[in-house]
Amino acid sequence: MSDAAPQHNRDDPANRHAASTRCEALESGGSVPGLSRAAFTLQRFGTRAVESPLPVVIAVPHAGRAYPPDTFSTLRHGEAAAHRLEDRFIDMVGRSAAAACGASLLVAHMPRALIDLNRDVGDIDSGMFAGPPPARQGDVPGMPRQQPRAGRGLGLFPRRLSGMGELWRDPLTAEEAERRIACVHRPYHAALQAELVRLRDMHGHAILIDLHSMPSLRGQGDEGGASHVVGDRFGASCASALSAAAMDLLTRAYAQPAYNRPYAGGYVLDRHGRPRRDIHALQLEVDRALYLTGAGAPCADGIAAQARIVTDLAHLLSVVLAGRGAGSSWGLADAAE
């Protein structure tokens, strides 16, 4: 399956203007085991005069489609299982938004089926391994310990899916697990941290929008009508005013947002959200039905509509954060690290 970057319509006047005024720096890092390609790419958009005009990183950890050749044959349910684990084509929303607003864009190409970048490296199901699992990796200093999710089948290496059961035909080896951690997980998070620090040092603060997509929540409990979910680890990963602003914008954009339920964010926010150090992190989940066709293909109008929302969100969060001043405790009463 092709993982080519989406092509922009150069006949659109807005895109012609963007092409004439924006420059783009591209970096890549890590490696996908079994493929000769990078595990992620980092792009910086800006005007010719100003690099990184916004202190924002849009990160997409779960849309990777760079599958090594034997992946589908080793999955009990083939491509169907792999695609269910993807935040399918949400990277197209992130790319369009970053280009429009001048945010940095970090996109993982390694599929979530092979390693989940929103999980702690210690969140491993030992039952997946033919022999001993990998040795427990060191924790990141100052980061709270997460509740493990491997027991529910969705740890660092996904094992089970509801309605499908066990995903893999064969057990994993510790050597392969350690290779994925070293080639993908560590360099991805190092790149994200470095970019957030770079923007913080440039602007006085930085904001991470961790972009995901979700199955439709229609008819599911209190969040049954939610089209978007804003997560901030229940106030720990960003200033409360940023979450409030995000909820307000989504409501005004004719969306139906929910806050921290059923998705409050995970390892990415725990690791990188440091509001008292002027680095703030939000997770945004988008209903896939808003930008995919019934067959799971990207819908141009839906991609454009969701990209406009993410663009407006990046601008608004930047304005709100700039208004409080770097180093201030404003809005941080509930943001204990």
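**Contacts and a central strand**

The structure holds 17 salt bridges, a salt bridge being a side-chain nitrogen of Lys or Arg within 4 Å of a carboxyl oxygen of Asp or Glu. This is a predicted model, in which local features need pLDDT of at least 70 and side-chain atom pairs count only at pLDDT 80 or more, while totals for chains, interfaces and linings use all residues. Residues are numbered from 1 along each chain as its sequence is written, and side-chain values use heavy atoms, with hydrogens and water left out.

One of the salt bridges joins Arg-95 to Glu-24, with 3.9 Å between the closest N and O atoms. Arg-95 belongs to helix H4 (residues 90-101) and Glu-24 to strand S1 (residues 22-29), so this pair ties together parts 71 residues apart in sequence. Helices (H or I, at least four residues) and strands (E, at least two) are DSSP runs, numbered from the N terminus. Arg-95 is buried, with a relative accessible area of 14%, whereas Glu-24 is partly exposed at 43%. Here buried means under 20% relative accessible area, exposed over 50%, and partly exposed in between (1.4 Å probe, protein chains only).

Asp-87 forms another salt bridge, with Arg-288, and the closest N and O atoms are 3.4 Å apart. This pair links distant parts of the chain, 201 residues apart: Asp-87 sits in the loop between helix H3 (78-85) and H4, and Arg-288 in the loop between strand S10 (279-287) and helix H8 (300-324). Asp-87 is buried at 2% relative accessibility, and Arg-288 is buried at 18%.

In the salt bridge of Glu-166 with Arg-160, the closest N and O atoms are 3.8 Å apart. Glu-166 is partly exposed, with a relative accessible area of 31%, and Arg-160 is partly exposed at 24%.

What aromatic pairs does the structure hold? A search of the whole structure finds three. Rings of Phe, Tyr and Trp (its six-membered ring) pair if their centres lie within 6.5 Å; planes under 30 degrees apart count as stacked, over 60 as edge-to-face and the rest as tilted. Tyr-67 and Phe-72 form a tilted pair, 4.8 Å centre to centre with 45° between the planes. Tyr-67 is buried at 10% relative accessible area, while Phe-72 is partly exposed at 24%. The rings of Phe-129 and Phe-157 have centres 6.5 Å apart and planes at 80°, so this pair is edge-to-face. Both Phe-129 and Phe-157 are buried.

There are zero disulfides, a disulfide being a pair of cysteine sulfur atoms within 2.5 Å. Cys-183 is partly exposed, with a relative accessible area of 21%, and Cys-299 is partly exposed at 29%.

The remaining topic is strand S7. Nine of the nine residues of S7 (residues 206-214) are buried, so the strand is largely enclosed by the rest of the structure. Ala-206, Leu-208, Asp-210, His-212 and Met-214 point one way, Ile-207, Ile-209, Leu-211 and Ser-213 the other way, and all are buried. S7 pairs in the parallel sense with strand S3 (residues 56-60) over four bridges; two strands pair if DSSP finds at least two bridges between them. In this pairing, Val-56 stands opposite Ile-207 in S7. S7 also pairs with S10 in the parallel sense, over nine bridges, and Ile-209 stands opposite Leu-282 in S10.
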